[in-house]
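Trainee: I have a new model open and would like to learn how to read it. Could you walk me through a few features?

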Amino acid sequence: MLDIKFIRDNIDRVKKACRDKNEDADINMLIQIDQERRQFIKEVDSLREKNNKIASEIGELVRSGQDISNLKDEAKAISNQIKDKEQELKELQAKLDLLLLKVPNIPDPSVPVGFNEEQNLDISEYGGKPQYDFEVRDHYFLGEVLDILDFKRGAKIAGSFFPMYKGDGAHLKRALINFMFEVHTLEHGYTEVSPPFLANRDSMTGTGQLPKLENDMYYVESDDLFLIPTGEVPVTNIYRDEYIPEAKLPVKFVTYTPCFRREAGAYGKDTKGLIRVHQFDKVELVKFTHPESSYDEHENLLKDAENILQRLGLHYRVRLLCTGDLSFSAAKCYDIEVWAPGTGKYLEVSSCSNFEDFQARRASIKFKSKATGKSEYVHTLNASGVALPRLVIAILETYQTKNGKINVPDCLKKYFNGKEIIG
RNA sequence: GGAGAGGUGGCCGAGUCGGCUGAAGGCAGCAGUUUGCUAAACUGCCGUAGGGUCAUAAGCUCUACCGGGGGUUCGAAUCCCCCCCUCUCCGCCA
């Protein structure tokens with residue numbers, strides 16, 4: 001969420017951000033309602049002031065035992081006026097809040113303006129596409145043949161796009177989670193957390209999933225809870241409505257969670273295998289930083305996520321998202337895309353985002369600045385470190401052998417009971 | 001699920017029969033005095049948000065906020081209703 005004062009003073013910038021991000025927030029309406037709202041606040045406040053004065057006068061008269069019936073009638077009249085105005089004010093405020101929640105974050109100046117993913121910028125790449133002297137297979141084929149991925153059974157249990165991992169497939173997933181956790185906690189300095197996998201409305205609004213993405217999430221009606229679409233939600237909300245001591249910044253968390261996404265409207269796209277699924281696992285990195293250092297921390301965050309792919313010996317590229325591809329809440333975002341030789345595509349395994357104070361304002365996460373003596377919002381950042389299914393795809397397809405088996409990457413062997421080959 | 005207790009400022013903790021209580025007191029924090037240094041002591045400051053004034057400063061001023069929402073009242077942290085959360089006991093279950 002943006003500061004209403006900031007919007008007031010930067011109407012053109014905000015409008016431009018909406019255009020560049022393809023968001024249709026009604027800024028003119030917002031400004032108009034804000035003006036009306038302030039007018040109402042003025043009126044209501046002055047009525048309240050009057051009423052408070054009368055009330056304390058009455059208090060004094062009562063104590064000295066005098067008659068108060070005249071004053072009482074007057075006060076009653078004002079009190080009724082207040083109630084009416086308050087009601088209208090409340091409606092205005094609700095309207096304003098709703099509009100405000102629909103205004104996207106402003107892209108950082110370093111973000112290229114563009115309409116869609118084709119205008120994303122290639123930043124860097126690691127390794128090269130591996131070459132094979134045999135016909136490469138995709139993970140779907142390999143998974144079925146090796147009996148380590150079972151899509152049919154997953155579909156029977158829950159529905160299509162709920163994959164099941166089995167045997168060495170399930171073990172591979174577990175090994176990857178352990179591997180990533182050890183790197184991020186022991187070497188990159190993140191603190192491990194294991195949060196709830198369901199979250200309430202306040203949490204979902206805090207990180208920006210609500211109100212926009214309600215239909216993309218699984219919802220438990222009886223308890224008004226949502227299954228989390230990413231570990232970012234519970235972990236960023238750890239500090240919702242709290243102050244973080246300035247000296248503790250940056251706070252860095254790593255978490256593992258399953259993620260649940262309805263992918264409404266995405267049918268027909270990436271329909272096969274693990275590329276796009278309703279439930280998947282993710283190791284997620286979340287940072288709370290001082291505003292001054294968030295962009296440095298952003299670069300480090302990217303490196304932390306890249307490090308995982310480098311150790312696994314996977315070819316990938318990093319792209320800077322253009323405005324049109326940038327998510328609603330982000331100011332700047334790098335995507336890491338790993339190469340999947342069998343599928344023949346680069347697959348996004350991590351979005352590395354700086355939200356600046358956008359989420360922090362929504363979720364009210366602050367620190368007391370020693371320099372200014374005032375409360376300020378922290379900056380929040382997150383990145384997958386990294387998402388599992390597409391990582392599994394890249395590993396199966398990259399490390400496949402001529403006879404249809406999979407070599408276990410060196411760095412994973414210790415998490416795989418020393419086993420070197422799957423199949 | 002049943003019975004009970006409770007939710008007050010960064011923390012602890014008072015709040016009388018509803019009326020200068022945004023809220024005593026303590027701790028922590030900040031600034032200063034004292035001190036050769038440290039400790040201690042002393043003095044002052046010390047919630048958040050939204051308006052107004054205004055240079056989007058300081059200051060001044062108003063309003064709201066004592067888990068959330070609603071109600072009673074001229075007036076509620078204090079009374080009533082609903083909800084949420086925490087704790088204890090019982091039941092049930094991993």
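Mentor: Let us begin with a term: the helices and strands here are DSSP runs, numbered from the N terminus. With that in mind, α3 gives the most to the surface near RNA strand B, with 14 residues. Please remember that this is a predicted model.

Trainee: Which elements give two or more residues to the surface near RNA strand B?

Mentor: A base nitrogen of RNA strand B lies 3.0 Å from a polar backbone atom of A55. For K366, a side-chain N or O atom is 3.1 Å from a phosphate oxygen of RNA strand B. Now your list: α1 (4-9), α3 (27-63), α4 (69-101) and β14 (365-368) each give two or more residues to that surface.

Trainee: Which residues come nearest to RNA strand B?

Mentor: A residue counts as near if one of its heavy atoms lies within 4 Å of the strand. There are 28 residues around RNA strand B, and R8, R37, D45, R48 and K90 come nearest.

Trainee: How many residues of each class does the surface near RNA strand B have?

Mentor: Sorted by class, that surface has 17 charged, six nonpolar and five polar residues.

Trainee: Let me try one residue. Is K15 buried, exposed or partly exposed?

Mentor: Relative accessibility decides this: buried means under 20%, exposed over 50%, and partly exposed in between. K15 has 27% relative accessibility, so K15 counts as partly exposed. You will find K15 in helix α2 (residues 11-20).

Trainee: What is K15 in contact with, leaving aside its neighbours within four places in sequence?

Mentor: K15 is then in contact with I27 and N28. The side chains of K15 and N28 are joined by a polar contact of 2.8 Å. As for I27, its C-alpha atom is separated from that of K15 by 6.8 Å, although the two residues are 12 residues apart along the chain.

Trainee: And pockets? Which residues line the second largest pocket?

Mentor: Its lining consists of L2, D3, F6, R13, N105, I106, P107, D108, P109, E356, D357 and R361. By class, the lining has six charged, five nonpolar and one polar residue. The space in this second largest pocket is about 220 Å³.

Terms used
Residues numbered from 1 in each chain as written. Chains lettered and ligands numbered in written order. Predicted model: local features only at pLDDT ≥ 70, side-chain atom pairs only at ≥ 80, totals over all residues. Heavy atoms only, no water. 1 Å grid on protein atoms, 1.4 Å probe; cavity = no way out; pocket = protein on both sides within 12 Å on 5 of 7 lines; lining within 4 Å. Points joined across faces, edges and corners; volume = space filled by probe spheres on them. Nonpolar A, V, L, I, M, F, W, Y, C, P; charged D, E, K, R; others polar. Helix = DSSP H or I, 4+ residues; strand = E, 2+ residues; numbered from the N terminus. Buried < 20%, exposed > 50% of the residue type's maximum accessible area, 1.4 Å probe, protein only. Contact = heavy atoms within 4.5 Å. Polar contact = N/O pair within 3.5 Å; in protein donor to acceptor, adjacent residues only side chain to side chain.
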